[in-house]
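Please keep the sequence and the three-dimensional view at hand.

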Amino acid sequence: MPYKIRKAAVIGAGVMGATIAAHLANAGIESVMLDIVPPFDPSEKDLKKGLTKESKAWRNSFAANGLAGVTKSKPASFFSKKLASMITIGNLEDNIDLLKDVDFVLEVVVENLKVKQELFAKVEKVVKADCIVASNTSGIPIKDISSKMGAKLKERFLGVHFFNPPRYMRLVELIPDAKTKKDLVAYMKDFLENIVGKGVVVCKDVPNFIANRIGTFDISNAIDTMVSKGMTVPQMDAIISKPLGRPGSAIFGTLDLVGLDTGDHVNKNLVAAVPEDEMVSIFKGPDFMAKMLENKWLGNKTGQGFYKRTKNEKGKKVKLVLDYKTMEYGPFEKPVFESITEAAKTAGGFGAKLKALFYSDKDAAADVVRQYLCRNFIYSANRIPEIADTVYQIDNTMKWGYNHQKGPFETWDAVGVKESVEVMNKLGLDVPEKITEMLKKGCESFYTEKKDGIYYYDFAKKAYAKMEDNPRIILLPELKAKKKVIKENAAASLVDIGDGVACLEFHTKMNAIDGDLTQMIYDSCDIVEKDFEGMIVANHATNFSVGANVFNLLVAVQEGKWDDIDKEIHNLQYANMRLKYLDKPVVTAPAGMALGGGCEIAMHGHRCQPCGESYMGLVEVGVGLLPAGGGCKELMVRCTEGLPTGVVETANLDGIYQKILQNIAQASVSTSAVEAMEMGYVRKTEDLSLNRAHQMWDAKNLVLAMARTFRRKKRDMIPVMGENFMGIVQAFLFNMKQGNYMSDYDLHVTTKVAWVLSGGQCPENTFVTEDIILDREREAFLSLAGEAKTQERITHMLTTGKPLRN
């Protein structure tokens, strides 16, 4: 393909534009971020600084403020604040020539057709002949935006719609213009999936595309159902949230977060754009929402919307909720429904629990679920082929763009298509003819699995069609179904993922480490060393591993099983060492949380292929313990291995080891894989997988590349400071304690960590073996585990989920 994006430009430095620029930086793409020159309306403080209408600082202030805001944003937009240096700011009057050198321009300005058209007229005069140009519009038809463009630019123009916040939301909608070159669409899909790490859905150029068309109906349907059923705001949020596989913010929490004015703007545009839509009436919204807009009760941005947080007369924070019938706020009470409680007890996964709730006759919540879901099902089916040609396009947009656990057609399958049609008839709803026809053909689900893969029901073909295989996606459940499991126990499985590579998958609750999991590491290493080219350590769970099972530890401590505890720690330490010194390449692939022992396992592969969203840390101090699975030892190796021997002998190791001590003592957790590199948990030479769905494929290919020339590494020797380090640390910790920055017990635990890092009673710059540090880890861990305050901390963490500083 004749396209290659090395440098981009983002026009519009508001929240969305700035966060997109930040995520492009995460993906390694430099960008120029431009905005308009603000009207000259300086404050007295500005005038004292000498700012004038012509000052560069003033003229670039919109872009500068956007960059400053995104650098401080929470949750973080950058993988590391250092990446902000990849963004060059400017304004559209003085710096538009910066667009001459970019390969991709993305417009992220106000949703106003005229403004966008005028902007692109300027852009068209500046960009090079092969520059890709796009709009981030959330719903304005691409054909309208491009109507005044020249023929050549139309060929390189399309919609690229990110979802907010861009770093964390997986979906990008790609909307070609009628004139957009097909090879450019293919390139942008590849670029967004493989470089930027997104899930891409190619959409038709219709109002609101796919996600915001279905999503707007979803929310409007919930509000209409609430009113028709006489339910309250808290009741609806209790129902249309986690019980239905929806985000915890639910319907009204989400509206408060987004802003009622933003939602109203989208709804009004949709009403005007799709007057023939059979459900257009509910997009207009109820009268009470018009009153909320009039009162400026817009949600979080104005301090009140459907919910309001305030303080009572005692100064205690309280949460209030709007009674839309009286338009008054009252105390929030979390509703409890028998149907939801009983459904949650249903055996099986999420689909089984959802089906139990859908057909429950316990209470009004089940009635709400049936009406709400049935109307969603029907609306989604009626949008094919208007907004999409396939069911999976709609399902993917709702999962990736709205964080729904299942898309509407997957949800429909879960409750049963045939059975749900009977419910629709009882509710007096119009069942789409295409659904009746599908059932008559004996097709009773939208998805079905055959020997050669997954099939979906194609309404145009009136038959099942095979879903296109993506070679970059490795799905362990599919491989297990094909009998590719090599060995397994209750905690983990070793799966053959092809081409001579095996995958060690954890599957305990939260992937917590126990004896069975440790044993599977040993067993997998033995098998791989004999029969495979190499191994990856990866799984599909939300979190790679949250660390050791501290409940089991607490029970063992209370029963006085010290020999068993010592053995378990030793086994984990040397299971990790087995990974590290295996004769075949091992690549770990952490994603989500890799904490405590999970972080230690991730650190002991020959290489690491982290997902960009990896939150890694040695957090044992939070429960009064210290890392004892090789975490202290491996951090010491990582932070000193780049120093030549001659430098180590003369270098001041104090700064290196104080940083390690600080990370462990503060239980520091990275907010990304890049931060994990800065903290020493991942080597800075490693590559990232921004697309979690491709991470196993990336790790597998890294193993295969390594296998061609792999040689077992020699044992590491670690430079230590010995007694000198203890002297330095004790003075530092004394000052921290005097300043009330740590409790007496924090001081005690941190001193134990320092004792491990010191390496023993030896001169500074002595080299010690890894075994010496592992022995010290184990000894210090056992001594802390026996202390009452540590057991109190563990108990508090297990019962509250929060650390205790006693």
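How are helix 27 and helix 34 oriented to each other? This is a predicted model, in which local features need pLDDT of at least 70 and side-chain atom pairs count only at pLDDT 80 or more, whereas totals for chains, interfaces and linings use all residues. Residues are numbered from 1 along each chain as its sequence is written, and side-chain values use heavy atoms, with hydrogens and water left out.

Helix 27 (residues 631-640) packs against helix 34 (residues 770-785) at an angle of about 140°, and their axes are 8 Å apart. Helices (H or I, at least four residues) and strands (E, at least two) are DSSP runs, numbered from the N terminus. Axes are lines fitted to C-alpha atoms, for helices over the stretch in contact, and angles run from 0 to 180 degrees between N-to-C directions. Angles under 35 degrees count as roughly parallel, over 145 as roughly antiparallel, 65 to 115 as roughly perpendicular and the rest as oblique; helix 27 and helix 34 are therefore oblique to each other. Helix 27 contributes Gly631, Cys632, Lys633, Glu634, Met636 and Val637 to the contact, and helix 34 contributes Glu770, Ile773, Leu774 and Glu777, where contact means heavy atoms within 4.5 Å. By class, five nonpolar, one polar and four charged residues make up this contact. In this classification Ala, Val, Leu, Ile, Met, Phe, Trp, Tyr, Cys and Pro count as nonpolar, Asp, Glu, Lys and Arg as charged, and the others, Gly among them, as polar.

Gly351, Leu354, Lys355 and Phe358 of helix 16 meet Thr411, Ala414 and Val415 of helix 19. Four nonpolar, two polar and one charged residues form the contact of helix 16 with helix 19.

The sheets come next. Strands of a sheet pair through backbone hydrogen bonds, either parallel or antiparallel. Here two strands are said to pair if DSSP finds at least two bridges between them. Six strands form an open sheet of mixed pairing, in the order 15-16-17-18-19-21. Strand 15 (485-488) and strand 21 (607-608) each have a single partner strand, so one side of each is left without a neighbour in the sheet. A hairpin of three linking residues connects strand 15 to strand 16, and these two strands pair in the antiparallel sense over three bridges. Strand 16 (residues 492-496) is in turn joined to strand 17 (residues 501-506) by five bridges, again with antiparallel strands. Leu494 takes part on both sides: Lys487 stands opposite Leu494 in strand 16, and Leu494 stands opposite Leu504 in strand 17. Helix 31 (residues 695-707) packs on the sheet and touches strand 17, strand 18 (534-537), strand 19 (586-588) and strand 21; its direction makes about 155° with that of strand 18.

Buried means under 20% relative accessible area, exposed over 50%, and partly exposed in between (1.4 Å probe, protein chains only). In a regular strand the side chains alternate between the two faces of the sheet. Phe157, Gly159 and His161 on one side of strand 6 and Leu158, Val160 and Phe162 on the other are all buried. Strand 6 runs parallel to strand 5 (residues 132-135), to which three bridges join it, and antiparallel to strand 7 (residues 171-176), with five bridges. Leu158 is the bridge partner of Ala134 and stands opposite Pro176 in strand 7.

What lies in the interior? A nonpolar core is a set of buried Ala, Val, Leu, Ile, Met, Phe, Trp, Tyr and Cys residues joined through side-chain atoms within 4.5 Å. The largest such core has 108 residues, of which Leu99, Phe252, Phe306, Trp412, Ile435 and Phe446 touch the most other members. Helix 17 (residues 364-382) supplies the largest share of this core, 10 residues. Apart from this core lies another, of 78 residues, including Leu582, Ala594, Ala754 and Ala780.

Finally, Asn300 lies in the loop between helix 14 (287-294) and strand 9 (307-311). At 46% relative accessibility, Asn300 counts as partly exposed. Leaving aside neighbours within four places in sequence, Asn300 is in contact with Asp256 and Leu257.
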